[in-house]
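Let's walk through this model together, beginning with the chain as a whole and then moving to a few strands and turns. Have the viewer open as you read.

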Amino acid sequence: NAVRYGFDKIAVVMNSEAGRVFGLEMDTGAVRWSALVEPGAKLTQSSEDEVLIVSKTSLTYLNALDGSATGTDHIAPLDALVPAATLKGRVAFLGVNLRGDGASVRVLPEAAETQVAKKLAETPTHFHVIRDGIVRCFRVSDTSNAVEVGAVVVAPLETDEIVSVAHPDGAPVSTAAHVLGDDALLLKYLNPHLLIVLTTSKGGESAPLLDVSLRAEGEDQVAPPSLTVTLIDVVAASVAHRVVVPHGSAPASAALSENFVAYTYWNAKAKRSEVGAISLHEGLIERFGLSPFKVPEQSATRSSLTAPPPVALQRTFALAKPVLTISSTRTQRGVSSKHVLLGMEPGQLAALDRRALDPRRPVLEDDATKAQRKKAERELQEGLAPYRPFVPLIPRQMVSHTLTIVGLKNIYATDSKLESTSLVLACGVDLFGARHTPSGAFDLIA
């Protein structure tokens with residue numbers, strides 16, 4: 001049944017400090033193979049059943065099923081390695097070396113240069129490099145040079161620190177719009193080129209116009225420490241959205257799935273862990289705006305260079321336990337409910353329904369007007385619960401049950417052949433794998 005349902009996947013994990021890579025069976029937890037690599041190397045995927053070990057002087061291809069070496073390319077030191085094109089099932093990469101006015105690139109492996117040059121001439125690729133608190137964005141249209149299209153400063157001060165970076169998870173999208181309670185359509189902002197950067201600032205700068213509620217005790221003119229959440233479109237090198245959280249600090253982590261951004265941080269003032277939720281939208285089609293006789297003006301293509309910034313809806317929630325890392329479930333077609341995966345102290349893995357963090361959860365107030373009450377009723381009809389600042393974590397939400405994952409740092413999720421089931425792997429000193437069903441095992445009879 002493991003093969004039939006797609007539970008027999010191989011998880012390739014690497015301990016870069018020890019210089020060893022492992023292939024783990026997700027259905028049994030057994031170590032299928034292991035291999036020695038150069039300490040400090042990095043791991044990436046080069047094809048469906050092959051991984052690439054990137055060291056300072058070489059690229060080593062390993063078969064993900066048995067760990068055997070399938071090829072080695074010797075290279076000079078690189079500043080970055082970015083995927084360029086997929087040729088016959090294997091990814092061809094661009095080796096990047098930064099310059100003051102741009103970057104030089106070369107195709108790896110060199111045998112694929114002709115085919116990559118043809119693909120880049122048809123469709124240029126974009127990539128970004130983070131250096132010294134600056135996100136530098138590049139455009140590549142040939143196999144020798146990359147043009148810098150712009151840069152975004154995310155850590156302007158020397159004391160600022162980038163604590164987390166997140167990219168879209170690439171999960172399938174079942175629908176591009178959300179149906180509201182009044183039958184209107186709220187369009188999702190789906191951009192595969194978004195980058196999330198979390199930056200902490202120690203504060204202490206002069207702030208004479210700082211709001212009274214944000215001032216530290218005894219220091220009326222000093223800015224408090226803060227966490228900055230920056231959403232960057234790396235194609236246009238522009239800021240899509242930015243949030244500054246007063247008193248926010250590490251540990252902080254972020255995840256981006258479809259149009260939903262979730263980030264966690266420690267509130268140094270309230271002494272608690274909080275999670276911020278942002279949903280990004282392109283716009284709204286009214287109830288009677290879409291019919292056989294009326295079609296809104298919508299373009300079949302979208303360009304980051306001309307598209308307006310998204311409409312961001314935002315809400316903050318408090319959690320009972322400190323959060324170390326965050327991720328999201330992934331299923332084959334994206335039909336099942338989305339769960340936010342939280343790695344919490346002292347090493348527990350919890351799954352929280354994303355609807356509990358929906359920024360559109362209505363706020364019910366006693367002095368609300370009739371129009372506000374009617375709007376809240378429509379939102380309640382959608383299944384949205386009234387907004388409460390504290391999100392409870394019940395024992396049934398613990399994916400790790402009573403186990404403790406020592407040194408929990410990262411959480412990964414992938415799909416299986418069953419739409420109901422997501423395969424989850426939590427990594428740290430310990431490794432923990434499990435099958436998780438966000439909407440229940442609705443497609444599994446026994």
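This is a predicted model: local features need pLDDT of at least 70, side-chain atom pairs count only at pLDDT 80 or more; totals for chains, interfaces and linings use all residues.

Residues are numbered from 1 along each chain as its sequence is written, and side-chain values use heavy atoms, with hydrogens and water left out.

Now for the overall build. The secondary structure of the chain amounts to three helices and 29 strands, where helices (H or I, at least four residues) and strands (E, at least two) are DSSP runs numbered from the N terminus. The chain is as compact as a globular protein of its length, because its radius of gyration of 23 Å is close to the 22 Å that the globule rule gives for 446 residues. That radius is taken over C-alpha atoms, and the rule is 2.2 Å times the number of residues to the power 0.38. Along its principal axes, the C-alpha trace spans about 70 × 60 × 60 Å.

Of the 446 residues, 45% count as buried; buried means under 20% relative accessible area, exposed over 50%, and partly exposed in between (1.4 Å probe, protein chains only). Among contacts (heavy atoms within 4.5 Å) between residues at least 6 apart in sequence, 52% join residues at least 24 apart.

Next, find strand β18, residues 226-233. Eight of its eight residues are buried, so this strand is largely enclosed by the rest of the structure. Both faces are covered, with Ser226, Thr228, Thr230 and Ile232 on one side and Leu227, Val229, Leu231 and Asp233 on the other. Strand β17 (residues 194-201) runs antiparallel to β18 and is joined to it by eight bridges; two strands pair if DSSP finds at least two bridges between them. Within this pairing, Leu198 has Val229 as its bridge partner. β18 also pairs with strand β19 (residues 238-246), again in the antiparallel sense and over eight bridges, and here Ile232 is partnered with Val239. The β18 and β19 hairpin has four residues between the strands, and Ala237 takes a positive phi near 55 degrees.

Further along is strand β20 (residues 248-257), where seven of the ten residues are buried. Seven bridges join β20 to the antiparallel strand β21 (residues 260-267), with Leu256 standing opposite Val261. Two residues separate the strands of this hairpin, and Glu258 in the turn has a positive phi of about 55 degrees.

Finally, look at some loops. Pro346 sits between β25 (339-344) and β26 (348-353), and its peptide bond from Glu345 is also cis, with omega near 5 degrees. Asp183, in the loop between β15 (177-179) and β16 (185-188), has a positive phi near 70 degrees and is partly exposed at 45% relative accessibility. In the loop between β21 and β22 (272-285) is Lys271, whose phi is near 55 degrees; at 59% relative accessibility, Lys271 counts as exposed.
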